[in-house]
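Me: I have a new structure open and would like to learn how to read it. Could you walk me through it?

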Amino acid sequence: MSYIFEALQRAEAERSGGSVPKDADSVAGLLQKVEQEIDRRQALSELPLAARPESLGAGAFTSAKRLLPALAADSRLVCLTDQGGLAAEKFRVLGLKLRHLRERRKLKRIVITSSIPEEGKSLIAANLALNQSRSKVLNAVLIDGDLRRPELGRRFGFNRNLPGLSEVLRGERELSEVVYKLEGSGLWFIPAGVTPENPIEVMQSGRLQQLLEQLETFFDWIIIDTPPVLPLADTPLWMKLADGVLLVAREGVCEKKQLERAVEVIDRSTMLGVIVNSCSSNEQKYYYSRYGPAAANSEEASPPAAER
């Protein structure tokens, strides 16, 4: 972890115009070294793709439909459009923290949620998944698990009627039919599908756990964007099946009581941390959660800040 903190200190110096040691590596170089070392260690422990079960392994997705994202100018998918920028760098730091945790515990299924709507959870989920898909060893799939107000498909510029999770849970499609490969990235994507009349009933059909178990035979990271914790029952269902939960809290939107109620709902054994979105504080401890003075005024500025 020392490399990560050193990189963050240097990034802060560069951002504020401070001095950086002349013989110091660049921030991007330091982060790349850490990523490469983790990849090397995990390559020794992970089951090679060729050896994974063919029931739903590499062979099941080789013919998957490929989608070309049509991003809007305000998509803010920085891990796809601005990989060398400060915002993308912060997602790399968050991703590295998760990969370090993965060395000590099972960590494949990660739920991204928030206390209430409009806190930027979908944007965080998309950028985190895009970042994790950069690995040459571990592959990632992003699931739009919000069957009520799906956001990810729109953010990538896809038709909202694209078959996805909803159709699989209703038994209308096979899983292999709704897993799409995103052109221009290493990310796989499962959209929400057509919104069902009763989302909670569809989720309780008994197929959800089976679906996740099938995905685990091929994917190393399963990033799930879910509805807010309050007041819906959908997210607790997802959290019961998750290895870890990241809670997004947006400054100026989420009130303290709402955040406290959300934290109470989440099982502490799966709670990975809180991502502070649009934080305007200049204190060093909030470094992770800002990437520019305009962040607080932006509709969805979303630098990640995972703090236990």
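Reply: Happy to; we will go from the overall picture to a strand, a helix and some charged pairs. This is a predicted model, where local features need pLDDT of at least 70, side-chain atom pairs count only at pLDDT 80 or more, and totals for chains, interfaces and linings use all residues. Residues are numbered from 1 along each chain as its sequence is written, and side-chain values use heavy atoms, with hydrogens and water left out.

Me: How many helices and strands does the protein have?

Reply: Helices (H or I, at least four residues) and strands (E, at least two) are DSSP runs, numbered from the N terminus. Here there are 12 helices and 9 strands. Of the 308 residues, 55% count as buried, where buried means under 20% relative accessible area, exposed over 50%, and partly exposed in between (1.4 Å probe, protein chains only).

Me: Why is strand S6 described as largely enclosed?

Reply: Look at the burial of each residue: in S6 (residues 221-225), 5 of the 5 are buried, so the rest of the structure largely encloses this strand. Trp221, Ile223 and Asp225 cover one side, while Ile222 and Ile224 are on the other.

Me: Which strand is joined to S6 by 5 bridges?

Reply: Strands pair if DSSP finds at least two bridges between them. Strand S3 (residues 140-144) has 5 bridges to S6, and the two run parallel. Strand S2 (residues 109-114) is also parallel to S6, with 4 bridges. Ile224 of S6 is the bridge partner of Ile143, and Val111 stands opposite Ile224 too.

Me: Where do the buried residues of helix H10 fall?

Reply: An α-helix has 3.6 residues a turn, so residues three or four places apart point the same way. In H10 (residues 208-215), Leu208, Leu211, Leu212 and Leu215 are the buried ones. Viewed down the helix axis they fall within an arc of 95 degrees (taken from the directions from the axis to the C-beta atoms), so they line one face of H10.

Me: What does Glu216 form with Lys106?

Reply: Side chains of opposite charge can pair when their charged atoms come close. Glu216 and Lys106 form a salt bridge (a side-chain nitrogen of Lys or Arg within 4 Å of a carboxyl oxygen of Asp or Glu), with their closest N and O atoms 3.0 Å apart. Glu216 sits in the loop between H10 and S6 and Lys106 in the loop between H5 and S2, so the pair ties together parts 110 residues apart in sequence. Arg109 also meets Glu216 in a salt bridge, at 2.9 Å.
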